[in-house]
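Biologist: Please take me through the terms used for this model and the values behind them.

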Amino acid sequence: MDGRTPARRSTARPLPGAGPPPARAPEWALYVDLDAYYVACELRDRPDLRGRTVIVGPPPSDGPGRGVVLSASYEARAFGVKSAQPVRTAARLCPDAVWIPPDFPKYERVANEVRAVLRRHSPRVVPYSIDEAVVVAEVESDEEARARAEAIQAELRTALGLSASIGVARARVVAKIASDRAKPGGIRVVTDGEIASFLAPLSVRAIPGVGPRTEEILTRHGVRTIGELASHEPQEFLRDLGGFARDLIELARGTPRESGEGSSGPRSRSADRTFDRDESDGARLAGAVRDLATELAAALDREQLRYGTVGVAFRWSDFDRTERRHNLVGAREGPAPLVEAAVRLAHGLWAAECAGRGRGVRTVSVRAERLAERLQRQASLDEYRPTGTGPQR
Ligand SMILES: [Mg+2]
């Protein structure tokens, strides 16, 4: 990456008398998801293992720990092995698999190489996780968007030896769902007019944010596929799902509204936890928020990101959702400011919203917003140094 702030044409004011600024090309979201990422990173160094059943995770020979599979090759997935599965189960399903202990510094190094490639194709790259990112491309047509995706896929393969699946659509949520359908190694383009028919046959679970609990609620209303959702009215689910119902139905009808995270707006990252049983103990909630904030800070750290705003949200047992945010002074990094702000927000939220209402919390989430890259800031400080004395990138 070049460390410079991406150009923002929209902020440039036209000169007096120069007429309206030229119209911008439409924005397309290219949702890039690397295939079997941790395994793929390992296979770069161990080409002899290509085509074999490979599992990245704590080897079962290390003892009967509580470890889980981090990533499995597609050959191992054919045996039913999948991410987050207990090591014991995976070992039983696929006894001949080659196990590789995880090497996180390697995966972070490779992720930075991936982002450098993505930035060669657009200055606007929004990382979502270590192996997923959206590339925002301003192009005139779906053919051009597809060509951009093909170029990205080819460069990731030739320069880094990595396979990526790419979903292409105007709305990020649709691009994300399309990337899941493109796995492994494909490209799926969904134009605005195709959204409803593309989504119709898919299970509601294909929608990001729809977990087993929401699925169960929708099933009770006779809704299993996204297409079935389209013929319902948001009011029918309002009591169970709140405002989420409207988002789901608008998506199903092919007119998704993007979440607060607009393509040119502030980037954010969050971590959440849904309790097995609604939680109504303030101290335990604060503990969960502390854990989530620590986990989120570690994820931001791995991606070399700083943050300017911290938010905490509770989804209550009646599906009502409340949120509080706090703007920090300047961009911060590391776990301390995030954890401290999140726990304080959680206490405030709990005290204000719960008192006497007798409802518990179903899901807590901690969010970091106004993200900025650490390298970016260093680069701008370095500009004040005399040429040649700054650190080499
Ligand atoms: Mg992936």
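**Sheet, loops and exposure**

Modeller: An open sheet of five strands runs in the order S5-S6-S1-S7-S8, with mixed pairing. Strands are DSSP runs of E of at least two residues, and helices are runs of H or I of at least four, numbered from the N terminus. The model is predicted: local features need pLDDT of at least 70, side-chain atom pairs count only at pLDDT 80 or more, and totals for chains, interfaces and linings use all residues. Residues are numbered from 1 along each chain as its sequence is written.

Biologist: What makes strand S5 (125-129) and strand S8 (187-189) edge strands?

Modeller: Each of S5 and S8 pairs on one side only. Two strands pair if DSSP finds at least two bridges between them.

Biologist: How do you know that S5 and strand S6 (residues 132-138) pair?

Modeller: DSSP pairing requires at least two bridges; S5 and S6 have four bridges, in the antiparallel sense, therefore they count as paired.

Biologist: Why is Ala84 called exposed?

Modeller: A residue is exposed if 12 or fewer other C-beta atoms, placed from the backbone, lie within 10 Å of its own, buried if 20 or more do, and partly exposed in between. Ala84 counts as exposed because it has 9 C-beta neighbours inside 10 Å. Ala84 is in the loop between helix H2 (74-77) and helix H3 (87-93), and its phi is near 75 degrees.

Biologist: Why does Arg370 count as partly exposed?

Modeller: Arg370 has 16 C-beta neighbours inside 10 Å, so it counts as partly exposed. Its phi is near 50 degrees, a positive value in a residue other than glycine.
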